[in-house]
Amino acid sequence: MAGARPNSPGVHPALQPDSSEDLFEHAPCGYLTTLPDGSIIRVNQTFLTWLGRSRDDVLGLRFVDLLTDGGRIYHETHLRPLLEMQGHLRQIAVDLVGPGGGRLAVLLNAVLHRDSEGQPVAVRTTVFDASERQHYERELLRERRAAEDAAATARALHEHSSFLARLSRCLDEADGWDERAARLVELVGGELVGAAELWDVDAVGRVRPTVNNGSPGPGAESLSGDVGSAVRAAVDTGEPVLRGELSTPTTVDRVDGGAALAALPMTVRGRTSGVLVLWARHDRLRFTPEVRPFLTELAGRAALSLDNARLYERERSTALTLQRSLLAGAVPDDPRLRIAAAYRPAVEGLEVGGDWHDAFTVGPNRIGVVVGDVVGRGIAAAAAMGQLRSATRAVATSGVGPARVLEGLDQFVAHLDAGQMTTVAYVEIDLDSGRATYACAGHPPPVLVHEGTSRLLWDGRSPPLGAHIGGAPRGPASSEPGCRTDATVDLSADDRLVLYTDGLVERRRSPLQRSIDRLAALAAREADLPVASLVDALTAELLAGVVTPDDVCVVAIGRIATGPFHRRLRPLVSDLRALRADLQAWLCLQDPDRTSVDALVLAANEAAANAIEHGIRGEPGGTVTVRAERAGDEIRIDVVDEGTWRAPEDGRFGGRGLTIVGRLVDHLEVHRDGGTRVHMRRRVGGPA
Amino acid sequence: MSPDDACRVSTAERDGRLVVCLTGELDVAVAGEVERAVNAAVAAAAAVVVDLDGLTFLDSAGVRVLDHLLGACYERGVPVRVVATPGSPAAFTLRVCAFPDHVMCASTDEALADLP
């Protein structure tokens with residue numbers, strides 16, 4: 001529409017040209033002109049408003065009169081000379097006295113005007129409000145401080161977290177609670193703080209110190225002292241307790257800026273099982289409120305590691321107890337057969353395995369001996385072992401013989417749903433004839449020692465229990481006769497039969513056959529030791545320095561006959577017990593009165609103990625031999641050593657032992673010719 | 001089949017008296033260890049009964065352990081009795097060694113009644 005033309009655009013008020021007067025008065029900065037002596041001759045409204053003063057009030061004053069005391073000094077000593085020298089000032093921060101006497105922060109730019117002869121005429125100064133900027137600068141300063149603090153905190157955090165990582169690693173590498181607790185106080189007390197001590201909290205909340213790193217010997221302090229009360233408070237509150245001044249002096253350094261003592265509850269799985277007590281040292285960690293989170297984390301990690309160790313030990317000990325209780329059956333008490341066994345659990349820190357051994361009466365004059373190895377570890381393996389052990393006894397006592405016993409066990413593992421691939425060596429020995437019938441299900445061959453030479457019994461072999469290799473699948477269907485075989489061998493009086501599990505011979509980097517051959521050679525060499533000593537010698541020699549991940553079971557079997565008795569002893573008093581067992585069995589076969597058996601065992605023991613202690617002790621190759629024989633109604637025993645006799649400390653000839661021997665036998669002779677021979681005779685009656 | 005410890009030391013308190021029971025075989029091989037265990041057990045006792053009926057063997061080194069224990073108890077004025085039932089292995093060795101009769105008792109009950 002033609003009539004609807006818009007009005008001619010007027011000029012926006014903001015774009016109207018300012019009068020220069022208005023611009024001067026209301027500029028966004030203060031403006032003033034001063035004479036060379038500083039007196040103010042011109043000032044704009046903006047500046048007056050900032051100052052909260054009237055123009056009349058200000059004109060005639062000198063510029064320095066507007067400054068704060070500090071600003072005045074700065075002006076006289078610094079700004080004025082600078083201005084005169086260089087003719088201008090840029091961005092100079094000064095404080096003016098603002099409304100009500102408050103501080104007004106401003107920035108100045110000033111120019112000194114000179115006349116044509118160079119004489120100062122006036123100073124023109126613009127003033128900018130710097131309160132915002134100052135605020136910003138303070139903010140900046142605060143930020144920078146915060147950043148520095150954060151960096152320090154981060155550094156501390158980094159140090160703390162790397163310490164925690166190291167602590168965790170160090171603890172987890174250690175086996176068992178004791179070792180971990182020792183490492184904890186050693187590391188924390190030795191590197192982080194001045195000293196550390198671990199207090200135990202029992203199930204009813206009683207506390208007592210257990211482990212410390214030696215310094216400052218705090219364990220001596222009573223429960224009612226500073227430490228005791230801090231520990232109590234830590235247990236009660238579940239929070240770290242920091243204590244400043246201690247009432248009882250300690251050897252700990254005085255620590256400024258932190259507590260002298262920290263008691264940290266070690267809580268895991270909802271239970272406080274201990275309290276870690278830390279003593280400060282001036283050049284190490286300060287116990288300030290800021291380190292509480294770190295201390296809490298430290299105690300938490302230590303608690304978890306120690307608790308894991310405790311749980312692990314408990315389970316291991318349960319499995320071990322279970323296994324021990326299963327192995328602790330009485331050996332058949334028949335003097336015609338000596339059976340000795342050793343069981344060594346896998347190295348500390350590893351789980352209990354499933355090796356077992358057992359000996360039991362199968363029928364009149366017949367004893368069964370079994371060694372087995374269940375695959376697996378821990379409580380499950382120990383439990384399966386227990387069931388197989390019972391099953392072996394149950395099947396064997398029906399008198400079916402070794403091959404049928406293994407078939408029965410095949411059936412058993414098929415139903416058990418455990419124990420598959422168990423290996424077993426089982427032997428039955430006829431006590432009268434000495435005939436041994438044996439069968440091995442995937443098990444290393446038994447070792448037979450006869451007249452100083454040994455051989456491996458490779459016959460009577462078949463696959464492990466429940467195995468699906470080497471024939472028809474093992475299971476209920478395979479129970480018909482013929483699946484398993486056995487073999488026989490005759491044992492004479494001084495023969496030894498050794499059964500074992502593979503832990504005795506399996507070595508990394510050594511062929512199994514070589515290890516087994518070594519065992520066989522060793523058995524031949526040591527066969528004249530008492531039967532229990534033979535077991536000890538085999539395990540000592542073959543496991544020396546060996547960290548085996550496996551259990552080890554060794555059983556040695558020796559027949560005792562009525563003929564002459566002969567045993568060699570090593571220079572170890574521990575061999576005496578093994579000697580007594582063999583000699584007592586032999587004496588029982590002589591069928592004398594009970595008192596004579598007791599007297600002769602004690603007499604031989606004392607003579608042999610003397611020989612070991614005073615004759616050959618400390619001579620690695622030295623041996624003692626014990627011979628016994630029956631001559632009519634007399635039993636004669638000779639104890640011979642080849643050592644150099646050293647007088648016993650009590651100075652008596654032959655020591656107290658021989659005095660006793662004299663009371664136990666009818667006839668005693670001591671011959672010294674190089675070594676020493678003690679000859680004893682006692683007349684024996686019939687059975688008492 | 002393979003008892004781990006040849007000789008074990010256990011203690012019990014009866015009528016305010018400490019009863020120390022030894023079981024197994026006490027010989028020269030374990031005498032030192034047993035002596036330490038017994039000494040630790042009786043350190044704070046006011047009256048002691050040592051029960052040897054659980055021993056299947058006792059040698060002269062074991063008798064020395066008992067001898068030392070008796071000596072220590074006498075020094076401290078602590079009454080002590082030794083239980084070894086006649087016919088037991090321990091009684092046999094003690095008789096051979098001429099162990100003092102006046103501290104010997106045939107049973108723990110007798111020993112407890114005999115203590116002042």
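**Exercise 1.** Find how strand 4 and strand 5 of chain A are joined, and in which direction they run.

*Solution.* Start with the two stretches: strand 4 covers residues 103-114 and strand 5 covers residues 120-129 of chain A. Strands here are DSSP runs of E with at least two residues, helices are runs of H or I with at least four, and both are numbered from the N terminus. Next, look across: 9 bridges join the two strands, which run antiparallel. Pick one pair to check: A:Val111 has A:Arg124 in strand 5 as its bridge partner.

A note on the model: it is predicted, so local features need pLDDT of at least 70 and side-chain atom pairs pLDDT 80 or more, while totals for chains, interfaces and linings use all residues. Residues are numbered from 1 along each chain as its sequence is written, with chains lettered from A and ligands numbered from 1 in the order in which they are written.

**Exercise 2.** Work out the strand order of the sheet and name its edge strands.

*Solution.* First, the order: 5 strands form an open, antiparallel sheet, 2-1-5-4-3. Two strands pair if DSSP finds at least two bridges between them. Then go to the ends: strand 2 (40-43) and strand 3 (88-97) of chain A each pair on one side only.

**Exercise 3.** Describe the side of chain A that touches chain B.

*Solution.* Count first: 24 residues come from chain A and 15 residues from chain B, where contact means C-beta atoms, placed from the backbone, within 7 Å. Now locate them: the elements giving two or more residues on the chain A side include strand 11 (337-344) and helix 14 (594-616).

Notes
Contact = placed C-beta atoms within 7 Å. Nonpolar A, V, L, I, M, F, W, Y, C, P; charged D, E, K, R; others polar.
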